[in-house]
Amino acid sequence: MDPSIKRHRTADVTLTLTSPDGTPLAGREVVVAQRDHRFLFGCIGFGLIPHINGETSGEEAEAAEREAERWLELFNFATLPFYWGGFEPVRGRPDTARVLAAARWFAERGCVVKGHPLAWHTVTADWLLELSTEDVARAQVARIVRETTDFAGVVDMWDVINEVVIMPIFDKYDNGVTRLCRAVGRIPMIRMVFDAAREANPRATLLLNDFDMSAAYECLIEGVLEAGIRIDALGLQSHMHQGYWGEEKTLATIDRFARYGLPIHFTETTLLSGHLMPPEIVDLNDYQIPEWPSTPDGEARQADEMTRHYTTLLSHPAVQAITYWGMSDKGSWLGAPGGFLRADGTPKPSYDALHNLVKGTWWLPPTTLTTDDQGRLSFTGFLGAYDLTTGTATTTFQVDTPGEIAMTLTG
């Protein structure tokens, strides 16, 4: 095991098992089993929303059910879509019921759920163009309050605002959010949307998210923090359509952003199993081709890079979450072969590779142990939730801090 992963992600646990009156339970055979990771291994859940809402049937439903099973076997963290243009294409008619049903489905299965995004200039509502800048601001705040209130308790994590570095200078097409950001400025825009989300759901974890890993994002973060705006975590995107970053670049990038003392979330990650996008493409959205197949060589490369990338991220203590941007090649972003599943639903080697890490190398399976004469037992495990079973009784406990820890449980 990577020494940094062991140091930052595991604990040497000593449990003392006692009866209700405090007497140590000596010579007691128990089973300790991990039930979840504290680290958030995530993926988008966009493609499962129709299935969760009963909108699929026949072979399509069967395929979606298999995808859902594979999703839940690997991930504990779901990101759901709140793109304003898709969520509320007609003003006053948001898609709350469908997305809330999906959010509850994931939450009921033990997943943390995040909404993405509350404010973004792309895929935003066309009807904003009919409004004055002041009315766009009011609509944006009202939208944030509505979503964070309606989904509170189910979705308590949000990418509050997306890609602000480019937001006021975005020139691909006219939109209300760019108009607003251009008028008020980046930092006042961030303050407005974070204040609205914070007030509506004070318990929520609120992220600032961007694809721009240049000094421009660092300058923006510094300005936001100097302005006294509270950010709970920083989102870094790593869409590697033009090639794997490599360990050195990845660690250097994390170090640059970890210096602000905020948790790091890799919010959007992709690695391809087909040919790479040409390096001269500046905006990834500009590369549109009829077919982009997954290939055997590409799949082997993807599996290797997936193992290396996740190992690198887990080795850095600042990283708390990774969200992969697409379970399947079917309906994938830009049509790229970046999923863990081929378009026909069969798993690629990358799925097995990551599963072997998350539920193998980085996992404690059911392990039988016997307490000593003082009722103690010891094990080393990854941070997360565990079950301890004695006979027919099961107790759940948390291992939240790395290093040596001791706790007492009543058996």
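**Cysteines, a histidine and a helix**

Author: This is a predicted model, in which local features need pLDDT of at least 70, side-chain atom pairs count only at pLDDT 80 or more, and totals for chains, interfaces and linings use all residues. Residues are numbered from 1 along each chain as its sequence is written, and side-chain values use heavy atoms, with hydrogens and water left out.

Reader: How many disulfides does the structure hold?

Author: A disulfide is a pair of cysteine sulfur atoms within 2.5 Å. For Cys111, the nearest cysteine sulfur, that of Cys43, is 11 Å away, and the sulfur of Cys181 is too far for a bond because the closest cysteine sulfur, in Cys219, is 16 Å from it. The number of disulfides is 0.

Reader: Is His121 buried or exposed?

Author: Buried means under 20% relative accessible area, exposed over 50%, and partly exposed in between, with a 1.4 Å probe and protein chains only. His121 has a relative accessible area of 1%, so this residue is buried.

Reader: Which elements do the buried residues of α5 pack against?

Author: Helices (H or I, at least four residues) and strands (E, at least two) are DSSP runs, numbered from the N terminus. In α5, the buried residues are Thr96, Val99, Leu100, Ala102, Ala103, Trp105 and Phe106. With contact meaning heavy atoms within 4.5 Å, these buried residues pack against α2 (49–52), α3 (58–74), β4 (77–81), α4 (84–87), β5 and α6.
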